[in-house]
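The following exercises ask the reader to work through helices, strands and charged pairs in turn. Each task is followed by a solution in steps.

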Amino acid sequence: MNKELPINEQIKADTMMVIGPNGEQMGQKKLDDALTLARYAGLDLVLMNDNGNMAVAKIMDYNKYRYERQKKLKEQQKKQRETNKEVKEYRLSTTIDVHDFDTRVRNAKDYLVKGHRIKAFIRFKGRQMARPELGKEVLLRFAEALEEVSAIEAQPKLEGRQMFMLLAPNKNK
């Protein structure tokens with residue numbers, strides 16, 4: 001949207017192919033003649049294409065054109081946001097308290113309902129590495145608490161000092 005098209009007196013080309021307000025071709029015109037036609041119609045002369053051997057200008061309401069272009073751009077961005085769902089991360093621990101666990105479950109449920117995926121992970125510290133099954137238990141309990149809105153995409157897996165699991169939202173809403 002940062003690229004504005006040259007209009008009226010901003011146009012540098014001497015001659016151009018002119019397209020009328022209803023899309024009809026008006027032929028090659030000099031800049032002064034094209035500006036006169038645009039003023040007579042009460043519209044703007046907008047340089048649509050300057051590269052190539054012949055510049056192309058169109059007689060139109062430029063503010064309306066810009067408004068509609070912005071509207072299309074916003075709509076495209078909205079659709080793109082809907083398709084680009086994020087992966088939200090939740091860090092748990094083997095010694096997590098009940099209320100902390102419930103809070104994370106509640107927040108994760110909100111994100112899953114919105115269509116985001118969840119990555120729950122546990123980072124083991126020190127002696128906790130001796131009992132990775134405790135971490136797996138916590139992750140499976142997390143998945144079980146969210147099973148009405150999600151499905152396990154990747155089972156709990158240990159990589160180094162970290163165990164993680166992926167949850168995806170249910171398709172049948």
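The conventions come first, and the exercises follow.

The model is predicted, so that local features need pLDDT of at least 70 and side-chain atom pairs count only at pLDDT 80 or more, whereas totals for chains, interfaces and linings use all residues. Residues are numbered from 1 along each chain as its sequence is written, and side-chain values use heavy atoms, with hydrogens and water left out. Helices (H or I, at least four residues) and strands (E, at least two) are DSSP runs, numbered from the N terminus.

**Exercise 1. Determine how the length of helix H3 compares with expectation, and which of its residues are buried.**

Step 1. The expected span of a helix is 1.5 Å times one less than its number of residues. Helix H3 (residues 98–114) has 17 residues, and its first and last C-alpha atoms are 25 Å apart, close to the expected 24 Å.

Step 2. Buried means under 20% relative accessible area, exposed over 50%, and partly exposed in between (1.4 Å probe, protein chains only). By this criterion Phe101, Val105, Ala108 and Leu112 of H3 are buried. They cover an arc of only 75° around the axis, which puts them on the same side of H3; the arc is that of the directions from the helix axis to the C-beta atoms. An α-helix has 3.6 residues a turn, so residues three or four places apart point the same way.

Step 3. The other side of H3 carries the exposed residues His99 and Lys114. Just after the helix, Gly115 adopts a positive phi of about 105°.

Step 4. Packing is judged by contact, meaning heavy atoms within 4.5 Å. The buried residues of H3 pack against strands E5 (87–92), E6 (117–123), E7 (150–159) and E8 (162–169), and against helix H4 (132–145).

**Exercise 2. Carry out the corresponding analysis for helix H4: which residues are buried, and what do they pack against?**

Step 1. The 14 residues of H4 should span 20 Å at 1.5 Å a residue, and the end C-alpha atoms are 20 Å apart, in agreement.

Step 2. Gly135, Val138, Leu139, Phe142 and Ala143 are the buried residues of H4. Viewed down the helix axis, they fall within an arc of 140°, so they line one face.

Step 3. Glu137 and Glu144 are exposed on the face turned away from the buried side of H4. The buried residues pack against E5, H3, E6, E7 and E8.

**Exercise 3. State the strand order of the open sheet of four strands, and describe the hairpin formed by E3 and E4.**

Step 1. Two strands pair if DSSP finds at least two bridges between them. The order in this sheet is E2-E1-E4-E3, with mixed pairing. Strand E2 (25–30) and E3 stand at the edges with a single partner strand each, so one side of each has no neighbour in the sheet. From one strand to the next, the twist averages 35°.

Step 2. Strands E3 (residues 44–49) and E4 (residues 55–60) pair in the antiparallel sense over five bridges. Asp44 has Met60 in E4 as its bridge partner. Five residues separate the two strands of this hairpin, and Gly52 in the turn has a positive phi of about 95°.

Step 3. Helix H1 (residues 31–41) lies across strand E1 (15–19), E2, E3 and E4, and runs at about 130° to E2. For such angles, axes are lines fitted to C-alpha atoms, for helices over the stretch in contact, and values run from 0 to 180 degrees between N-to-C directions.
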